[in-house]
Amino acid sequence: MAGLSPRLRSFLESGGVAYETIHHLPDYTAQETASHTRTKGREFAKPVLLRADDRYVMAVVPAHRRVNLDRAREAVGARQVRLAREEEIRDLFPDSDVGAEPPFGNLYGLPVYASPELAEQERITFNAGSHEECIRMRWADYERLVRPAVVDLTG
């Protein structure tokens, strides 16, 4: 898949959100994408899909951070939390390349937990469904559309 996820494009446009699309060379880590799009790591929103007991949740953290599974378990009120497997991600995000999912878990029926570090930024940048396309938009617009729980899941 190449380009902006149609589901995401429709959602942003129906929400009246101004955004910038950034095309870049294919890459496969949030840190690489942040670099290629000239984005500071703390401004690049990396979604991490988690399996919490019998449900999925999305953690959204800065590119240079890692999710702490113990913190995530406490925050989501689960007994067990693990990283979702590639095939699970593929099934949940059929219109996105694996590893390039946009941080809009709400579009896929998932609760979203976003880092306070991202909430401090005026703008965030993130993958738009492919390894070659990103979106940059205001945090305030992201927060209004997604309504994430803002909680620190890193450490």
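**Notebook: loops, helix faces and a pocket**

I began with Arg38, which is exposed, with a relative accessible area of 79%. My cut-offs are under 20% relative accessible area for buried, over 50% for exposed and partly exposed in between, with a 1.4 Å probe and protein chains only.

The model is predicted, so local features need pLDDT of at least 70, side-chain atom pairs count only at pLDDT 80 or more, and totals for chains, interfaces and linings use all residues. Residues are numbered from 1 along each chain as its sequence is written, and side-chain values use heavy atoms, with hydrogens and water left out.

**Entry: positive phi**

I looked up the backbone of Arg38 next. Its phi is positive, about 55°, although Arg38 is not a glycine. Arg38 sits in the loop between helix 2 and strand 2. I take helices (H or I, at least four residues) and strands (E, at least two) as DSSP runs, numbered from the N terminus.

Asp53 also has a positive phi, near 55°, and is a residue other than glycine. I found Asp53 in the loop between strand 2 and strand 3. Asp53 is partly exposed, with a relative accessible area of 23%.

I then checked the residues that follow helices. Gly16 follows helix 1 with a positive phi near 65°. Just after helix 3, Gly77 has a positive phi of about 70°. Just after helix 6, Arg147 has a positive phi of about 55°.

**Entry: helix 1**

Which residues of helix 1 are buried? In helix 1 (residues 6–14) I noted Leu8, Phe11 and Leu12. Seen down the helix axis, they fall within an arc of 95°, so they line one face of helix 1. The arc is that of the directions from the helix axis to the C-beta atoms. The face turned away from the buried side carries the exposed residues Pro6 and Ser14.

I followed the buried residues of helix 1 to their partners. They pack against strand 1 (19–23), strand 6 (123–130), strand 7 (133–138) and helix 6. Contact here means heavy atoms within 4.5 Å.

**Entry: helix 6**

I turned to helix 6 (residues 139–146). Its residues Trp139, Asp141, Tyr142, Leu145 and Val146 are buried. They cover an arc of only 160° around the axis, which puts them on the same side of helix 6.

**Entry: the start of helix 3**

What does the side chain of Asn68 reach at the start of helix 3? A side-chain oxygen of Asn68 comes to within 2.9 Å of the backbone nitrogen of Asp70, at the start of helix 3 (residues 69–76). The Asn68 side chain also reaches the backbone nitrogen of Arg71, at 2.9 Å. I count a polar contact as a pair of N or O atoms within 3.5 Å; within protein, one must be able to donate a hydrogen and the other to accept it, and residues adjacent in sequence count only if both atoms are side-chain atoms.

Asn68 itself is in the loop between strand 3 (55–62) and helix 3. Leaving out residues up to four places away in sequence, I found Asn68 touching Leu153, Thr154 and Gly155.

**Entry: the lining of the largest pocket**

I listed the elements that give two or more residues to this lining: helix 2 (30–36), strand 2 (45–52) and helix 4 (86–92). Strand 2 gives the most, with 4 residues.
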